[in-house]
Amino acid sequence: MSQAGSFARWSCTAALICAAVPSFAADKKKEVAAPAPVVPSYYGSQPAIENLDLTMYSKIRDEGFKHSHVMQFAGALSEGIGPRLTGSPNMAKANAWTRDTLTAIGLENAHLEDWGEFGMGWQQINTWARMVSPDPEPLWLQAAPWSPATKGPVTGEAVFLELNDVKDLDKYKGKMAGKVVLIGAMRATPDLTEPLFHRYTTEELAEMETYPTGTGRGGPQLNIQQLIADRARLTALRTAGIKMLTEEGAAAVITPSRDGGKGGGTGIIFDDTGANLVRGAQVKETAVAVPNAVMMIEHYNRLARMLQNHVPVTIEINIDTKFTGDHEHGFNTVAEIPGTDPKLKDQVVMVGGHLDSWISGTGATDNGAGSIVAMEAVRILKALGLKPKRTIRIALWSGEEQGLFGSQGYIKTHFGTFAEVPAAPGAPPAGFGGRARGPLTTTKEWETLDAYYNLDNGTGKVRGVYTQENFAIGPIFEQWIAPLKDLGVTTISYRNTGGTDHLSYDAVGLPGFQYIQDPMDYETRTHHSDMDTYDRLHPLDLEQAAIVEAIFLYNTSEREAMMPRKPFPHPENEQKMAAPIPGIYPNAVAVPDAPAGGGRRRPQ
Ligand SMILES: [Zn+2]
């Protein structure tokens, strides 16, 4: 283990690093001075001109467009295996299939890495419901992840619970046995005035290239205290409601499917964390014990309106699910093209995406797409017989959907950990900007990880890269993508983008990047819904993405210096460094204890 921020023990392993060490030969007669600390190339100055191998660009394009296997991977993964909820039997199949397929295409050291306990193993076998009376109708719904099963098909009177406060539960108390309970507000189905499918325009891409401006750093100021209070109230209400329904023996609970972007959530089912009645539904201790499912909004609204208007409704429902373990572990699939340069082969460039998905579709765009593109990128390089200088490693994560668990576990095992520090009294909890972190301790491997490239925004082609505010890397990427203009890759955005596994690298000061992808109908329709299927994949876009990713891997693996990094993270100092300078307002009066508003500190 190494200490954060210290260069003292970096050894002279790479020619480039050695070249940077000043020669002391001329000073032999003088006192032998302590050698200057060696600055690793990722913190050193970078050459202005990139040495690009355009012949290799041409070969990669040729292989990627003429002999693509990306849709074969897509079919085998999304249809041959299906949805891949972490901890489920299908996730285990996907881990095994990716390991074996990566071996079959020539990668070495393909294996699964256990990142720790996840929760319950679970799968949906079948879910259906119908209105029995007063008007027979099939109803569209799916089990919420980790829902228990009903006792076979059960028929019960439907009840629409209108809850705003724990006290509202009183009027339903003692009446819930055998009922099919609707929980959650009805919602409107907005008019679709804009297309649900979109590719970035030149103007939108140009805007992404600029540093964001405005009056504040994070947009409108949130009332954190109010949000915390609202969440606590909602949690208390849900906990009390679920307890009552479980104790009284409600037959099942039905919740309404949420909306998609631009009103795209009509006629479909989003089945993700939002469909769960509690957070951490996969953990046995916090799991929901009453069978629950999420329903397409049009059907939900009809049932709720009928019940609001005092029309008795009877529903037959069958939620058939299976638990396959209480304490399942999560695994990442990892494989390599070993490096061949004696001085650089221990350095590693990584590519990946998350392999896990939710359950209502087949996880084709989220994130089958990112997984198969990474597989195709390494396939292209193997097909070309590349013997890379640095090691190229693919990692396909699981547990991403529940909180980046797979990539965070990998980072912890291989690269570094933050010391835990107790939250300051009155500090907001995690999820509201509260993130008490102590100093980062890094490993020897941290020094050898060159860069990580991630793809997880659906099926759209690559339009550029987010640099995550790594300003030294922008000009390098700009040169790399210049020959790819005809493929639509034009944009280097210095902005941060969030939501997926590159963040795990970025957090520990390693270069981790997510590509800019055409949005398509990802946010509006396919992301976490039953529309996330093979048919939504765009083969040419995926071929393009694999080519871009293969070129990025090649350039990184062959480059003389390692990729530049952002400054070493020091979360333990952030608050102190960002604190206002006290007493700089003229006429400020002295106040005790360093006020945040910048008053004059009382002399000690
Ligand atoms: Zn995803």
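Reply: The buried residues of helix 3 are V70, M71, F73, A74, G75, L77, S78 and I81. The model is a predicted one, and each value below is computed from it. In an α-helix there are 3.6 residues a turn, so residues three or four places apart point the same way. Helix 3 runs over residues 70–81, twelve in number. From its first C-alpha to its last it reaches 16 Å, close to the 16 Å expected at 1.5 Å a residue. The cover over the buried residues of helix 3 includes helix 4 (89–104), helix 8 and helix 13 (539–558). Just after helix 3 comes G82, with a positive phi of about 100°.

Helix 8, part of that cover, can be taken next. Helix 8 covers residues 364–383, and a straight helix of 20 residues would span 28 Å at 1.5 Å a residue. Between the end C-alpha atoms of helix 8, however, the span is only 25 Å. A residue counts as buried when its relative accessible area is under 20%. Just after helix 8, G385 has a positive phi of about 70°.

By class, the lining of the largest cavity divides into two nonpolar, seven polar and three charged residues. A search of the whole structure finds two cavities of 30 Å³ or more. The second largest cavity holds about 40 Å³ of space. Its lining is made up of P145, W146, S147, N276, L277, V278, A281, V288 and N292. Here the classes are six nonpolar, three polar and no charged.

From the cavities we can turn to a pocket. The second largest pocket has about 620 Å³ of space. Of the 24 residues that line this pocket, I183, G184, A185, L234 and R238 are the closest to its centre. Strand 4 (154–161), helix 6 (224–248) and strand 6 (252–256) are the elements that give two or more residues to the lining of the second largest pocket. Helix 6 supplies the largest share, with six residues. The lining of this pocket has 13 nonpolar, seven polar and four charged residues.

A single side chain is next. T524 is part of helix 12, residues 522–526. What is its relative accessible area? The value for T524 is 6%, so this residue is buried. A polar atom of the T524 side chain lies 2.8 Å from the backbone oxygen of L196. The side chain of T524 also reaches the backbone oxygen of D521, at 3.3 Å. If neighbours within four places in sequence are left aside, the residues in contact with T524 are L196, G260, G261, K262, G264, G265 and F270.

Some loops have backbone details to point out. P134 is in the loop between strand 1 (108–133) and strand 2 (137–139). The peptide bond that joins S133 and P134 is cis, with an omega of about 10°.

Where is H310 placed? It sits in the loop between helix 7 (297–308) and strand 8 (314–337). The phi of H310 is near 65°, which is positive in a residue other than glycine. With a relative accessible area of 73%, H310 is exposed.

N587 belongs to the loop between helix 14 (571–578) and strand 17 (590–591). Its phi is near 70°, again a positive value in a residue other than glycine. Is N587 buried or exposed? Its relative accessible area is 75%, so N587 is exposed.

Key:
Residues numbered from 1 in each chain as written. Predicted model: local features only at pLDDT ≥ 70, side-chain atom pairs only at ≥ 80, totals over all residues. Heavy atoms only, no water. 1 Å grid on protein atoms, 1.4 Å probe; cavity = no way out; pocket = protein on both sides within 12 Å on 5 of 7 lines; lining within 4 Å. Points joined across faces, edges and corners; volume = space filled by probe spheres on them. Helix = DSSP H or I, 4+ residues; strand = E, 2+ residues; numbered from the N terminus. Nonpolar A, V, L, I, M, F, W, Y, C, P; charged D, E, K, R; others polar. Expected span 1.5 Å × (residues − 1). Buried < 20%, exposed > 50% of the residue type's maximum accessible area, 1.4 Å probe, protein only. Polar contact = N/O pair within 3.5 Å; in protein donor to acceptor, adjacent residues only side chain to side chain. Contact = heavy atoms within 4.5 Å.
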